[in-house]
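Reader: I have the sequence and the model open. Can we go through how the helices pack and what lines the pocket?

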Amino acid sequence: MTQHTTLPGANARTEATGEPPSAVRTGRSNKRSSGEVFLRLSHIALFIWALLVIVPLVWTLLASFAPKGSHIFTDAWSLPGGLTLDGWGRAWAKAHIGRYLLNTVFIVALGTFGTMVLGSMAAYVLARYRFPGNRLIYFIFVSGMTFPVFLALVPLFFVVRNLGMLGTYQGIILVYIAYSLPFTVFFLSAFFRTLPTSVAEAAMIDGCGHFRTFYRIMMPMAKPGLISITIFNVIGQWNQYLLPIVLLPGDAQDKWVLTQGIAEISTSAGYEIDYPGLFAALSMAITPVVIIYIIFQRQIQSGLTAGAIK
């Protein structure tokens, strides 16, 4: 005589749902198959997205090594007939991309530094201290993210000009800081709220003041969030075009940034445009940002998920 046994868990699920064990197993298999289908579709979508991002970057890089006068657009899917660095040399020397690159590094470095110093202090105070007007100040910062920069260009031009900073490094750096502060305060204030209060209280008991507690205790604990928002600010300021074109006019060409220099290459030559030189300039603008992201991608991901884990 054959004896059939069933697991107690299966009996409990059968009694709870009123379905036989075979129906329970069928439901599990259906859920598993639907999950596998969704996983495969997501992988396909990510693969297509990666191609849409990577292929133009690789094509731009290859086109920058093409000889001058080559017909890049006649057969876009073929490799250049010969590879040369002449386009990079012309972009660096004749188009002054080297100067624009140094200007961009200088402006973005100081703009990001100022943004992180002021933004981290403001976010810490708004997140950890309670005082009258706390939420009002926080919402004023947050409202800056909803204000389109297009609406501020004309009044911003007159404000900077009246301050005597039009066409100067100081003017563009201060505007970059003000432009980046809303998102920085919004991001870091949410991150500082996730940090344990007991650590700050222990530091205060041991004799640390507010300033020392912030820089010696809380800032190292907020390192993932600080790195993430720093990278976002670097990328945002590096790719900025509207603000420099308004605040660094033509008579201040020696202070132009990369985006202005690239636009000048594409518009000044008319039909005789040097496409290899243009793509070389684009590659110079893209490469530093890609390198920064590759180096700090783990810190960016950990900073974005640290608040959810805590």
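This is a predicted model: local features need pLDDT of at least 70, side-chain atom pairs count only at pLDDT 80 or more; totals for chains, interfaces and linings use all residues.

Reader: How much space lies in the largest pocket, and which residues are closest to its centre?
Author: The largest pocket holds about 500 Å³ of space. It is lined by 18 residues. The closest to the centre are Gly-144, Ala-178, Tyr-179, Ser-180 and Pro-182.

Reader: Which helix gives the most to the lining of the largest pocket?
Author: Helices α6 (149-162), α7 (169-193) and α10 each supply at least two residues of that lining. One gives the most, with six residues. That helix is α7.

Reader: Is α7 roughly parallel or roughly antiparallel to α10?
Author: The axes of α7 and α10 come within 10 Å. They cross at roughly 155 degrees. Angles over 145 count as roughly antiparallel. So α7 is, relative to α10, roughly antiparallel.

Reader: Which residues of α10 meet α7?
Author: The crossing of α7 and α10 is right-handed. From α7 come Tyr-176, Ser-180, Phe-183, Thr-184, Phe-187, Leu-188 and Phe-191. By class, this contact has nine nonpolar, six polar and no charged residues. On the α10 side, the residues are Pro-224, Gly-225, Leu-226, Ser-228, Ile-229, Phe-232, Asn-233 and Gln-237.

Reader: How does α4 lie relative to α10?
Author: Helix α4 covers residues 97-128, and α10 covers residues 223-238. Their axes come within 9 Å and cross at roughly 140 degrees. That angle makes α4, relative to α10, oblique.

Reader: How many polar residues are in the contact of α4 with α10?
Author: The α4 side includes Leu-101, Thr-104, Gly-111 and Ser-120. Among the α10 residues they and their neighbours in the contact meet are Thr-230, Val-234 and Trp-238. By class, the contact has no charged residues and nine nonpolar ones. The polar residues number eight.

Reader: Is the crossing of α4 and α5 left-handed or right-handed?
Author: Helix α5 covers residues 134-143. The axes of α4 and α5 come within 9 Å and cross at roughly 140 degrees. That makes α4 oblique to α5. The crossing is left-handed.

Reader: Which residues of α4 meet α5?
Author: On the α5 side are Asn-134, Ile-137, Tyr-138 and Phe-141. The residues of this contact divide into six nonpolar, one polar and no charged. From α4 come Ala-122, Val-125 and Leu-126.

Technical notes: Residues are numbered from 1 along each chain as its sequence is written. Side-chain values use heavy atoms; hydrogens and water are left out. Axes are lines fitted to C-alpha atoms, for helices over the stretch in contact, and angles run from 0 to 180 degrees between N-to-C directions. Helices (H or I, at least four residues) and strands (E, at least two) are DSSP runs, numbered from the N terminus. Angles under 35 degrees count as roughly parallel, over 145 as roughly antiparallel, 65 to 115 as roughly perpendicular and the rest as oblique. Contact means heavy atoms within 4.5 Å. Ala, Val, Leu, Ile, Met, Phe, Trp, Tyr, Cys and Pro count as nonpolar, Asp, Glu, Lys and Arg as charged, and the others, Gly among them, as polar. On a 1 Å grid over the protein atoms alone, a cavity is a set of points where a 1.4 Å probe fits but cannot get out, and a pocket is an open set with protein on both sides within 12 Å along at least five of seven lines; lining residues have an atom within 4 Å of a point. Grid points are joined across faces, edges and corners, and a volume is the space filled by probe spheres set on the points. A crossing is left-handed if the near helix is turned anticlockwise from the far one by less than a right angle, and right-handed if clockwise.
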